[in-house]
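Thanks for coming. I will go through one structure today, and I will keep to its core and its charged pairs.

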Amino acid sequence: MDMKINDLITVSDNEIQLSYSRSGGPGGQNVNKVATAVQLKFDIGASRSIPDHIKTRLMQRGGKRVNANGVLIISANRFRTQEQNRKDAKKRLVELIRGSCHSPRPRKKCRPSFRVRQKRAEDKKRHAKIKANRKKIYPGSYS
């Protein structure tokens, strides 16, 4: 079943590779018998359903999860069943792609106004005087 990211983007299941392995974590003795951990692999560069500008943001947002070949790897082993872990991995992929669809807002450079800088300097001088008045005055030492 294809995963709908938004109105324009739909990722088909044949672009995703799923592999299963034994999982640590919850499950008791069942952990040693059943392969419940899911590893989802999504080749970002080979994907036809995602536009190029979203691919580049997805590579950046993926961080360490994206290998040198541009394959996004998501590991899921939170749950006891393979089905829940599969849904979790797909959900995390969808969230990552949705987050990559929005371009970050550009940072606006700002500078404190002259009055704010002046007030800060006055506050620092006042604080310095308060601290200077706490010093002990020793007889015979004038500076």
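Predicted model: local features only at pLDDT ≥ 70, side-chain atom pairs only at ≥ 80, totals over all residues.

Before anything else, one definition: a helix here is a DSSP run of H or I with at least four residues, and helices are numbered from the N terminus.

Take helix H2 and find Arg86 and Glu83. Being three residues apart in this helix, they are separated by about one helical turn. Arg86 forms a salt bridge with Glu83, and the closest N and O atoms are 2.3 Å apart. Is Arg86 buried or exposed? Arg86 is buried, because its relative accessible area is 19% and buried means under 20%.

Lys55 is buried, with a relative accessible area of 12%, whereas Asp52 counts as exposed at 59%.

The next pair sits in helix H3, residues 114-132. Asp123 and Lys119 are four residues apart there, and again the separation is about one helical turn. They form a salt bridge with the closest N and O atoms 3.4 Å apart. Asp123 is partly exposed, with a relative accessible area of 29%, and Lys119 is partly exposed too, at 46%.

How many salt bridges does the structure hold? The count is six. Some join up: Arg78, Asp88 and Arg92 are linked in a network of salt bridges.

The largest nonpolar core has 22 residues. Which of them touch the most other members? They are Phe42, Leu72, Leu93 and Ile97. The elements that give two or more residues to this core are strand E4 (37-43), helix H1 (52-62), strand E5 (71-76) and helix H2 (82-101). H2, where we started, gives the most, with six residues.

Leaving out residues up to four places away in sequence, Leu72 touches Leu40, Lys41, Phe42, Ile44, Gly62, Arg65, Val66, Leu93 and Leu96.

Definitions and conventions. Residues numbered from 1 in each chain as written. Heavy atoms only, no water. Core = buried A, V, L, I, M, F, W, Y, C linked by side-chain atoms within 4.5 Å. Buried < 20%, exposed > 50% of the residue type's maximum accessible area, 1.4 Å probe, protein only. Contact = heavy atoms within 4.5 Å. Salt bridge = Lys/Arg side-chain N within 4 Å of Asp/Glu carboxyl O.
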